[in-house]
Amino acid sequence: MANYYSDHPEIGFYLNHPLMARIVELKEKGFADAKEYDYAPVDLGDAIENYKQILDITGDVAANIIAPNSEDVDLEGPHLENGRMIYASKTFENLDATRKAGLWGVSMPRRYGGLNLPNAVFSMLSEVVSAADAGFQNIWSLQSCIDTLYEFGSEEQRQKYIPRVCAGEGMSMDLTEPDAGSDLQRVMLKATFDEKENCWRLNGVKRFITNGDSDIHLVLARSEEGTKDGRGLSMFIYDKRQGGVNVRHIEHKLGIHGSPTCELTYKNAKAELCGSTRLGLIKYVMALMNGARLGIAAQSVGLSQEAYNEAIAYARERQQFGEKIINFPPVYDMLSRMKAKLDAGRSLLYQTACYVDIYKCLEDIERDRKLTPEEKQEMKKYQRLADAFTPLAKGMNSEYANQNAYDAISIHGGSGFIMEYKCQRLYRDARIFSIYEGTTQLQVVAAIRYIGNGTMLQNIKDMASSLCCNTVAAKETAALKARVEALIPVYEKAIAAAKALDNQDAFDFLARRLYDMTCELVMSLLIIRDAAEAPELFEKSANVYVRMAEEDILGKAAYIANFKPEDLDSFRAE
């Protein structure tokens with residue numbers, strides 16, 4: 001029987017990530033839960049086995065329920081009835097299966113009914129679900145919104161809402177509006193305090209809200225009258241049971257048809273303040289968005305895997321000119337690049353997720369006790385790394401998902417353009433990944449300060465210096481490491497050249513190229529590390545990816561070296 005987890009040992013490899021032991025130590029807080037919950041782990045080995053079991057269950061549900069339902073869900077989609085969103089019929093089956101499997105609220109502490117899973121393991125679950133159906137992954141993965149409520153809400157709110165999510169109720173984050181997309185400072189949905197009822201009331205419209213008719217909403221609204229910027233925005237919790245919010249419209253989209261995208265009307269809807277006023281955008285949405293961006297990275301990796309699966313299966317069967325097309329150099333070149341992007345992107349995803357886990361675990365511990373100076377330093381270190389790496393993981397994996405879906409259709413030839421083949425749905429589903437939760441261009445904006453100030457250069461140098469290639473298995477990768485190390489001065493020179501132009505428009509114009517170079521160096525070093533540990537899984541991808549990185553980095557470096565500020569005039573639209 002198929003299993004979307006065990007069929008791909010590359011996923012399970014990252015349960016042995018160098019940071020995993022520390023993550024488990026922090027997440028389990030001395031394994032104290034084992035005294036109260038019989039399903040809680042007693043040590044590191046027990047925790048890893050628990051993770052494997054949960055992943056195996058998810059892989060089974062994904063392969064044998066969610067994936068078979070995906071075509072029907074894509075064709076039917078959600079619909080609108082009397083101001084309410086109704087899921088596609090098979091989506092209800094998916095929800096029922098994941099609830100019965102206990103796959104909701106998985107990141108939450110056990111005292112609320114959760115499984116206390118680290119972010120890295122949740123990302124693995126997201127990848128597996130996305131491979132089966134990226135649209136359903138959107139619905140399921142929005143349970144991660146509860147992390148923001150857990151982090152910033154009151155204990156009373158935690159007790160009230162977290163068990164409901166752990167039981168399988170859905171969530172949404174209601175941020176964007178008709179005039180506030182990427183620029184969330186323009187949000188105008190109004191929040192006013194009702195003195196008589198001792199509650200907040202929300203009025204206005206939200207647009208492009210994923211899973212918009214969910215049970216529990218986190219809502220960004222303007223609480224400070226007379227303000228027009230982010231300092232007047234606060235975060236609120238809206239409970240669907242209270243009423244006051246209707247679905248006005250469900251968007252008809254290119255892809256992810258099973259994931260309802262709604263326009264909502266708030267009419268005097270009762271809500272609770274989450275955290276403090278004025279911090280909605282400045283603090284809470286930033287935390288929410290970083291989590292969502294990592295979720296899109298996992299979604300992208302899952303779809304990339306499925307696109308590769310479809311492409312290689314077709315190439316092995318399809319014959320032309322008396323030979324299987326997988327034996328044609330143009331085809332196996334395409335397939336090898338798809339696999340290299342998939343493997344390198346996955347490594348970046350789990351590296352980032354591990355960074356997030358360490359600092360988030362330490363933040364959680366700090367709620368109960370004062371951190372030691374060493375722990376504070378550790379928390380700051382990994383928070384900086386998480387902030388720097390998250391836009392790389394989201395941006396590049398979403399781009400790679402689009403590229404792999406495109407190439408899967410190319411390998412299918414004319415058949416790939418026919419609706420009966422899965423690859424056309426993967427192509428349609430992938431297109432949104434590099435748009436929502438911050439376009440790739442916005443990921444560049446988020447990452448470029450770490451590139452321009454030398455932080456990423458130092459990270460790359462540190463990664464290279466710590467990369468061990470002296471074991472028997474690693475000797476094959478030593479030459480690859482040397483080739484990547486030769487690219488680092490090229491990259492450093494390109495950054496210096498872009499800054500030396502002393503022109504902000506020119507630097508912004510070149511930022512995407514610097515971003516791509518940064519990502520490719522990071523992923524090259526990560527995939528080399530993985531190949532040194534598991535050559536049977538990653539050695540081929542490491543060879544292919546380093547060649548791709550060389551090709552791209554050298555070309556972009558030449559572009560930057562020959563660029564002048566006056567060249568911008570050639571690119572400006574009339």
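Colleague: Why does Ala271 count as buried?

Modeller: In this predicted model, the relative accessibility of Ala271 is 4%. Buried means under 20%, so Ala271 counts as buried. Ala271 is part of strand β9 (residues 261-274).

Colleague: Which residues is Ala271 in contact with, leaving aside neighbours within four places in sequence?

Modeller: Cys199, Trp200, Leu202, Phe236 and Ile237. Contact requires heavy atoms within 4.5 Å. Phe236 lies 35 residues from Ala271 in sequence, and their C-alpha atoms are 6.2 Å apart.

Colleague: What makes Leu202 stand out in the largest nonpolar core?

Modeller: That core has 162 residues, and Leu202 and Leu514 are those with the most contacts inside it. Helix α10 (residues 329-366) gives the most to this core, 18 residues. Beyond four places in sequence, Leu202 touches Ala271 and Phe236, among others including Val219 and Tyr266.

Colleague: Why is α5 described as largely enclosed by the rest of the structure?

Modeller: Of the 14 residues of α5, 13 are buried, so the description holds.

Colleague: How do you know that the span of helix α5 agrees with its 14 residues?

Modeller: Helix α5 covers residues 119-132, and at 1.5 Å a residue it should span 20 Å. The end C-alpha atoms of α5 are 20 Å apart, so the two values agree.

Colleague: Why is Ser70 called buried?

Modeller: Ser70, in helix α3 (residues 44-76), has 4% relative accessibility and therefore counts as buried. Not counting residues up to four places away in sequence, Ser70 touches Ala132, Asp133 and Arg425.

Note on methods
Residues numbered from 1 in each chain as written. Predicted model: local features only at pLDDT ≥ 70, side-chain atom pairs only at ≥ 80, totals over all residues. Heavy atoms only, no water. Helix = DSSP H or I, 4+ residues; strand = E, 2+ residues; numbered from the N terminus. Expected span 1.5 Å × (residues − 1). Buried < 20%, exposed > 50% of the residue type's maximum accessible area, 1.4 Å probe, protein only. Core = buried A, V, L, I, M, F, W, Y, C linked by side-chain atoms within 4.5 Å.
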